[in-house]
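Colleague: Could we go through one part of this model together?

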Amino acid sequence: MNILVIDAQGGGVGKQLVTAIKQNMPKASVTAVGTNSTAASVMLKAGADHAATGENAVVVGCRNADIIVGPIGIIIADAMYGEVTPKMAAAVAQSSAKRVLIPFNHCDNIIVGVPDFSMGKLVQNAVEEILKMMD
C-alpha cells in the first residue's frame, strides 16, 4: 500500500499524518510530498519512507499512490496561500487513488456542515478512514 501525504506551508498537518499513519500501519509505504522543502523535510523527519518537493513530485506521486491524504486545499488550485498550483490540484483530483481530505476552514475556503474539530481529531479521523480502506 503506497500512501502519499501532501502538505504545504510548514508541514505541520503532514507531520501529524505521517506519524499517525506509521504508528497505525507500520508496513505501509509513506511518500511525503511538500509543496516546499520545509514541508517535505518535516514529514521526512516524522518517519516518511520517501520525500520530495514541488509540483512535479506531486504529479508523479499521484500516479503511483493507492491513497492520497492531505488538507482539502490540495484539490483547490491556488489554495494554501498559492502553494497549490493548478497542475497539482488536477493531479490529485484526477488520480485513480482514493483520497482522504482533511476539511480545514481557512485560506478563503469554508466547508459548510463540517464541525470545527481540532487538528489532532481530524488526523485521527483521517487515519481511521485509511485503515478502513486497507481492510
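This is a predicted model: local features need pLDDT of at least 70, side-chain atom pairs count only at pLDDT 80 or more; totals for chains, interfaces and linings use all residues.

Colleague: Where is Ser95?

Modeller: Ser95 sits in the loop between helix 5 (86-94) and strand 5 (98-102); helices (H or I, at least four residues) and strands (E, at least two) are DSSP runs, numbered from the N terminus.

Colleague: Is Ser95 buried or exposed?

Modeller: Ser95 counts as buried because its relative accessibility is 10%; buried means under 20% relative accessible area, exposed over 50%, partly exposed in between (1.4 Å probe, protein chains only).

Colleague: And what does Ser95 touch?

Modeller: Not counting residues up to four places away in sequence, Ser95 touches Cys62 and Ile68, where contact means heavy atoms within 4.5 Å. A polar atom of the Ser95 side chain lies 2.8 Å from the backbone oxygen of Cys62.

Colleague: Moving to Ala91, which residues is it in contact with?

Modeller: Ala91, found in helix 5, is in contact with Val59 and Cys62, leaving aside its neighbours within four places in sequence. At 14% relative accessibility, Ala91 also counts as buried. The C-alpha atoms of Ala91 and Arg63 are separated by 8.0 Å, although these residues are 28 apart along the chain.

Terms used:
Residues are numbered from 1 along each chain as its sequence is written. Side-chain values use heavy atoms; hydrogens and water are left out. A polar contact is a pair of N or O atoms within 3.5 Å; within protein, one must be able to donate a hydrogen and the other to accept it, and residues adjacent in sequence count only if both atoms are side-chain atoms.
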